Amino acid sequence: MATKQDDTTLDLPPVNSDFYNILEHLPPEERAVFQQMRDFLEQEVSPIANEYWLRDEFPMHLIPKLGAMGIVGASFKGYGCLGMSFLLECAITMEQARVDASFQTFYGVQVGLAMASIYHCGSEEQRNEWLPPMQRMELIGAFGLTEPEVGSGTARGMMTTCRREGDVWVLNGAKKWIGNATFADVIVVWARDETTNQVKGFLVRRGTPGLETKKIEGKIAFRSVQNGYVYLTNCRIAESDRLQNAESFAAPAHVLRLARAAVAWSSVGCAMGAYENALRYTRSRIQFGKPIANFQLVQHHLVQMLANITASQAMCLLVAQMELAGTMKDEHASLAKMFCTAKMRETVSWAREVLGGNGILVEHNVARFFSDAEAIYSVEGTYEMNTLIVGRAITGMSAFV
Ligand SMILES: Cc1cc2nc3c(=O)[nH]c(=O)nc-3n(C[C@H](O)[C@H](O)[C@H](O)COP(=O)(O)OP(=O)(O)OC[C@H]3O[C@@H](n4cnc5c(N)ncnc54)[C@H](O)[C@@H]3O)c2cc1C
């Protein structure tokens with residue numbers, strides 16, 4: 001993807017990780033919104049991404065600036081959102097991850113998980129209360145599904161419980177890995193009904209007695225994302241804060257299907273960021289009297305990276321188009337997620353490799369992508385879980401247990 005960082009002083013082709021021009025598939029008005037996000041990322045996020053990643057902090061000062069652009073949650077219809085396409089949302093996801101996968105994750109949790117849960121599973125009243133301020137980034141959301149003892153198996157084994165007492169629900173349990181949890185104004189918490197055994201969703205407001213959050217320390221990926229534990233001890237949540245259209249695990253599964261497709265796009269963006277920075281490096285690093293980009297073995301790696309990226313972009317594009325056409329199923333999103341994240345992992349390793357020793361230094365702009373790829377690989381269903389979803393679809397046999 002040609003960007004402002006391209007070196008125009010040398011007579012070299014622009015650095016471009018969108019080799020087949022997938023952005024051409026956006027209509028002009030969506031392309032303009034995409035460009036707005038790109039400008040913001042290049043001006044505000046790119047210059048500070050490494051610094052905040054190393055400090056393990058999120059650049060909170062960017063949140064109001066992001067909201068002021070008016071383009072957050074671009075694919076939702078109504079509630080202050082632009083009502084544009086899922087393809088635009090996916091392209092924005094890819095672009096964010098191309099610059100900073102941590103920033104993308106913060107955004108993805110807000111839009112693709114928290115807002116999406118309220119949009120798809122909330123009542124009209126709940127949507128009206130939460131979505132406009134979340135669109136303006138005045139309120140921040142989180143999404144609590146995974147638990148300390150149950151990750152891949154949440155559909156069957158969720159341990160967080162809810163129990164109805166009159167007009168109130170009592171929640172008990174713990175969640176782990178929850179992005180934005182430490183500062184979110186509202187956490188969408190999924191819990192199993194003690195009576196019916198069905199999963200329900202709750203809007204747990206910051207300040208609710210019995211709610212505690214604690215930051216997870218020591219991550220080697222997504223370092224600027226504030227992932228946390230969420231502890232719920234006899235939290236009393238009004239029935240009016242139960243997501244009114246979520247009656248079973250099918251509700252979070254619907255949200256996750258879309259989020260999974262978006263994570264496939266995010267993995268492409270991460271690979272693109274690593275590739276672009278690796279290409280720049282190989283054109284300027286001199287060994288044996290020549291830029292290392294001049295060597296055949298280095299070019300082989302660069303072309304392999306571009307091939308992975310381009311194949312993944314094409315796959316993601318088709319998945320987004322299927323969603324627009326209403327034909328995307330779980331297995332379609334899962335195949336893209338498992339394939340593209342595996343290709344991303346390969347790509348970022350080659351990017352790291354062509355930098356030699358400098359590949360492990362954050363300041364050379366590849367190491368962060370290399371590390372973040374590990375988190376992208378595991379979120380929204382691991383490689384194995386997504387493989388099993390596709391395996392079940394093509395064989396008609398479930399191999400989960
Ligand atoms: C950085 C980060 C951010 C996250 N953000 C959020 C968030 O905001 N909200 C949220 O709810 N969750 C979040 N998660 C959780 C994420 O979705 C889980 O980590 C993921 O679903 C895997 O669960 P687990 O880590 O408990 O691994 P486990 O389920 O313990 O799996 C461990 C390994 O066993 C394999 N495995 C498990 N079962 C099987 C099987 N039946 N067959 C074959 N292999 C199997 C898995 O594929 C994996 O390789 C986040 C995770 C990370 C790392």
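Visitor: Let's start at the end of a strand. Which residue in β5 does E165 stand opposite?

Guide: In this predicted model, E165 faces V168 of β5. The two strands here are β4, residues 161-165, and β5, residues 168-179. They run antiparallel and are joined by five bridges.

Visitor: How many residues sit between the strands in the hairpin of β4 and β5?

Guide: Two residues lie between them. Have a look at G166 in that hairpin: its phi is positive, near 65 degrees.

Visitor: And does V168 have a partner on another strand? What is its bridge partner in β9?

Guide: That would be A238. β5 and β9, which covers residues 227-238, pair over nine bridges in the antiparallel sense.

Visitor: How should I think about side chains when I look along a strand?

Guide: Here's the general idea: in a regular strand, side chains alternate between the two faces of the sheet.

Visitor: Now the helices. How do I describe two that pack together?

Guide: Two packed helices are described by the angle between their axes and the distance between those axes.

Visitor: Is the crossing of α9 and α10 left-handed or right-handed?

Guide: It's left-handed.

Visitor: Which residues meet where α9 and α10 touch?

Guide: From α9, the list includes V298, M305, I309, M315 and V319. From α10, you'll find A333, F339, C340 and W350 among them. The contact of α9 with α10 divides into 15 nonpolar, six polar and three charged residues.

Visitor: Zooming out, how many helices and strands does the protein chain have?

Guide: Twelve helices and eleven strands. The C-alpha atoms fill a box of roughly 80 × 50 × 40 Å along the principal axes.

Visitor: What radius of gyration does the protein chain have, and what would a compact globule have?

Guide: With 401 residues, a compact globule would come out near 21 Å, and this chain has 21 Å, so the two agree.

Conventions: Residues numbered from 1 in each chain as written. Predicted model: local features only at pLDDT ≥ 70, side-chain atom pairs only at ≥ 80, totals over all residues. Left-handed = near helix turned anticlockwise from the far one by under 90°. Helix = DSSP H or I, 4+ residues; strand = E, 2+ residues; numbered from the N terminus. Contact = placed C-beta atoms within 7 Å. Nonpolar A, V, L, I, M, F, W, Y, C, P; charged D, E, K, R; others polar. Pairing = 2+ DSSP bridges. Rg over C-alpha atoms; globule rule 2.2 N^0.38 Å.
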